[in-house]
Amino acid sequence: MKDFKVWRNILRGTVKVTTTLEDGSITNKNVENYIHAEFEKIEEQEKALSTLTMALSPDIAQGFREYDSTKELWEALIEVYEGNDDMKQSRLDMLCQKFNLFNHALGETLETRLQRFITLTTEMSTAGIYVPRSEINKKLLNSLPKSWDMNVSVIKKTKDLNRLTLAETMAVIKACDLDD
């Protein structure tokens, strides 16, 4: 279940219940004078802060105890865990480099390699890095060990790597593995 009120409170930040005095100045309203709707806003705000802090593991939450506003806490979490633009670009560059250098690791099983490749392509997709299907399929096929050279050649000649999804390519590889 998603609670959009909580998310709105995280984005909006602290709600202050104020009142306008006779002289036109604005001041914080006394809790004794809150109306039902104002209590609900404060309760939603507290629920948002509680939800966000409870979602953090105790060791992470320890470093963020100083924040008493959901918006401030959320922004601090983003700053620490997503980083600035340079850090984000470095992360994208690292993912591209991991993809370009992806290869067979000695002693690695086929299943482990496939899982490692899926994890990498999922991370790239999540980060907004687009790689054409054919490039993904070729990279996976080229990462197979030398003993697979004959199978790789047959797959490349008989399958349209531009149209084959990663799942379909993996199914072909697994079928070849079973045949061998």
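At what angle do the axes of helix H1 and helix H4 cross, and within what distance do they come? The axes of H1 (residues 4-12) and H4 (residues 70-81) come within 6 Å and cross at roughly 80°. H1 is therefore roughly perpendicular to H4, a term for angles of 65 to 115 degrees. Axes are lines fitted to C-alpha atoms over the stretch in contact, with angles from 0 to 180 degrees between N-to-C directions. Helices are DSSP runs (H or I, at least four residues) numbered from the N terminus.

This is a predicted model, in which local features need pLDDT of at least 70, side-chain atom pairs count only at pLDDT 80 or more, and totals for chains, interfaces and linings use all residues. Residues are numbered from 1 along each chain as its sequence is written, and side-chain values use heavy atoms, without hydrogens and water.

Contact means heavy atoms within 4.5 Å. H1 contributes Trp-7, Asn-9, Ile-10, Leu-11 and Arg-12, and H4 contributes Thr-70, Lys-71 and Trp-74.

In helix H8 (residues 149-158), Asn-151, Val-152 and Ile-155 are buried (under 20% relative accessible area; exposed is over 50%, partly exposed in between; 1.4 Å probe, protein chains only). These buried residues fall within an arc of 100° seen down the axis, so they line one face of H8; the arc is that of directions from the helix axis to the C-beta atoms. They pack against helix H7 (133-142) and helix H9 (166-179). The face turned away carries the exposed residues Met-150, Lys-157 and Thr-158.

| Residue | Relative accessible area | Class |
|---|---|---|
| Cys-96 | 30% | partly exposed |
| Cys-176 | 16% | buried |

The model has zero disulfides, counted as pairs of cysteine sulfur atoms within 2.5 Å.

Terms used:
Helices (H or I, at least four residues) and strands (E, at least two) are DSSP runs, numbered from the N terminus. Angles under 35 degrees count as roughly parallel, over 145 as roughly antiparallel, 65 to 115 as roughly perpendicular and the rest as oblique.
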